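These are my notebook entries on a structure that I looked up part by part. I began with strand pairing and then turned to helices, a loop and the meeting of the chains.

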There are 2 protein chains.
Amino acid sequence: MYPLISIIGVKGIGEVRKGEKLGFLINDALNKQGIKMMNNDIIVVTSKVVSKAENMLISLNTVTPSKFATNISKMLKKDPRFVEAILNESKRIVRISNTVIITQTKHGYICANSGIDQSNIKKDHIALLPVNPDRSATQISAQIKSKTGQNVAVIISDTFGRPWRHGQVQFAIGIAGILPTIDYRGKNDRYGNELKVTEIAIVDEIASAAELVLGKLNDCPAALIRGFKYNFEAGFAKSLVRSSREDLFK
Amino acid sequence: MYPLISIIGVKGIGEVRKGEKLGFLINDALNKQGIKMMNNDIIVVTSKVVSKAENMLISLNTVTPSKFATNISKMLKKDPRFVEAILNESKRIVRISNTVIITQTKHGYICANSGIDQSNIKKDHIALLPVNPDRSATQISAQIKSKTGQNVAVIISDTFGRPWRHGQVQFAIGIAGILPTIDYRGKNDRYGNELKVTEIAIVDEIASAAELVLGKLNDCPAALIRGFKYNFEAGFAKSLVRSSREDLFK
């Protein structure tokens with residue numbers, strides 16, 4: 001038999017409100033699609049709905065911009081309150097140019113605008129990234145376990161740009177129940193050569209795979225991945241962050 | 001009905017020999033699995049088998065290292081002939097450190113060792129990347145069309161590291177029959193906000209999705225992606241390369 005993976009869009013979750021348990025919402029929505037979760041399924045969910053459930057939306061009216069934020073907002077032609085929020089969520093500015101600020105977020109992720117987003121939420125509001133996405137993923141996985149009895153890994157995804165290449169892709173910013181990488185170190189191929197590839201960031205690839213059903217405009221904030229073989233065990237997306245010192249690609 | 005994508009591993013292709021037509025080999029292998037290709041299927045194939053079909057394997061015995069290659073090979077503890085080949089395939093050295101050389105290949109891709117690989121080939125041989133992967137993908141797509149009458153996009157994938165994050169993922173280095181990105185510019189969400197995300201590098205995400213069945217050690221060099229909606233039209237992976245001048249993430 002050949003390898004077969006299914007990626008299933010989870011529809012009908014509707015507007016997520018603060019305090020709601022995403023694990024329950026996703027399970028209910030899948031059940032309405034006639035699908036029961038199974039051991040070793042994987043759920044990918046966008047950070048946006050996690051931020052909504054965790055009350056990470058704030059009104060720009062509650063943000064008071066600093067002088068620095070006001071200064072750079074003029075150059076960027078952005079709302080100074082939005083710039084203030086970006087700075088608040090960052091621990092380092094990587095670059096400011098044209099209409100974008102690239103920062104390193106408090107979690108360590110390098111992305112535009114500290115991952116703060118204004119799409120798919122109310123006007124004049126912004127969505128911050130979850131405070132601890134690995135913990136968020138763990139909670140969603142536990143909610144699924146409590147409802148279904150099944151061990152289901154969870155990946156929280158966000159859309160980031162990349163150096164050197166146009167376009168953005170999905171990355172895993174929080175995970176639970178799966179190791180972030182597959183380690184091939186020391187393994188040999190059938191010719192006896194040691195493999196060049198040592199570690200595959202499989203959770204980033206699964207987040208990208210989910211994009212094939214998620215899209216941006218079709219009210220589908222989660223995907224079920226079925227058929228991928230992995231061990232259900234604790235893993236953390238934050239361990240994917242490379243320290244600046246060990247980064248050869250700079 | 002909910003969105004559903006299938007990722008199917010193509011098994012039984014066996015050892016690919018120079019001059020063989022991968023479009024035919026993949027179609028035959030899928031037929032043996034009981035699968036007929038359909039319009040708007042997508043085939044992802046690893047660069048390694050494309051390199052084999054296009055005779056891009058060379059024996060290290062045919063490579064004469066320069067003085068420069070010999071010098072840096074000592075630091076890297078690598079075969080000087082391998083280093084010479086890396087330099088030959090590059091147009092720029094991004095960084096040399098420890099055991100790795102990061103270069104920009106002649107195509108423009110930034111990766112370790114100019115994408116040259118020693119795994120899954122004969123000992124003392126190396127596999128160079130295809131000279132023109134977009135052209136290779138176009139040929140494979142045309143071969144599939146000639147055998148099946150179906151319009152099938154083709155993505156040639158390779159495994160690269162990324163700045164800031166541990167682990168490697170699949171990227172699209174050559175494509176045919178599909179645009180490299182999905183353009184959301186000017187689109188609004190249901191709240192009337194313009195979308196933050198402007199362009200999704202969907203072919204990189206499809207290449208990553210294929211990894212879920214490809215792996216590195218299971219003799220599965222191609223995957224069929226079925227159910228993803230796209231327009232069959234000409235696209236080029238090389239257009240994903242960002243010029244150094246416009247790269248904000250440096």
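**Entry 1: a sheet in chain B.** I looked up S4(B) and S5(B) and found that they pair in the antiparallel sense over six bridges. Here two strands count as paired if DSSP finds at least two bridges between them. Strands (E, at least two residues) and helices (H or I, at least four) are DSSP runs, numbered from the N terminus. Within this pair, Arg95(B) stands opposite Ile102(B) in S5(B). I noted that strands of a sheet pair through backbone hydrogen bonds, either parallel or antiparallel. The open sheet has three strands in the order S4-S5-S6 (chain B), with antiparallel pairing. S4 and strand S6 (110-112) of chain B stand at the edges with a single partner strand each, so one side of each is left without a neighbour in the sheet. Neighbouring strands of this sheet are turned by 25° against each other on average, direction ignored.

**Entry 2: the model.** I recorded that this is a predicted model, in which local features need pLDDT of at least 70 and side-chain atom pairs count only at pLDDT 80 or more, while totals for chains, interfaces and linings use all residues. Residues are numbered from 1 along each chain as its sequence is written, and chains are lettered from A and ligands numbered from 1 in the order in which they are written.

**Entry 3: two helices of chain B.** I looked up helix H3 (residues 67-76) and helix H4 (residues 80-88) of chain B, which pack at an angle of about 115° with their axes 8 Å apart. The axes are lines fitted to C-alpha atoms, for helices over the stretch in contact, and angles run from 0 to 180 degrees between N-to-C directions. The contact involves, among others, Ile72(B) and Leu76(B) of H3(B) and Val83(B) and Leu87(B) of H4(B). Contact requires C-beta atoms, placed from the backbone, within 7 Å. In H4(B) the buried residues include Pro80(B), Val83(B) and Ile86(B). A residue is buried if 20 or more other C-beta atoms lie within 10 Å of its own, exposed if 12 or fewer, and partly exposed in between. The buried residues of H4(B) pack against H3, S4, S5 and strand S7 (125-127) of chain B.

**Entry 4: a loop residue.** Is Gly186(B) buried or exposed? Gly186(B) is exposed, with 8 other C-beta atoms within 10 Å. Gly186(B) is found in the loop between strand S10 (182-183) and strand S11 (199-200) of chain B.

**Entry 5: a hairpin in chain A.** S8(A) and S9(A) form a hairpin with two residues between them, and Trp164(A) in the turn has a positive phi of about 70°. Nine bridges join these antiparallel strands, and Ile156(A) stands opposite Gly174(A) in S9(A). I found 11 of the 12 residues of S9(A) buried, so S9(A) is largely enclosed by the rest of the structure.

**Entry 6: where the chains meet.** I noted that 67 residues of chain A are in contact with 67 residues of chain B. H6(A) gives the most to the side of chain A that touches chain B, with eight residues. Five bridges join S1(A) to strand S1 (residues 4-10) of chain B, and the two run antiparallel. Ser6(A) stands opposite Ser6(B) in S1(B). Since 100% of the interface residues of chain A are also interface residues in chain B, the copies meet through the same surface.

How values were computed:
Two residues are in contact if their C-beta atoms, placed from the backbone, lie within 7 Å.
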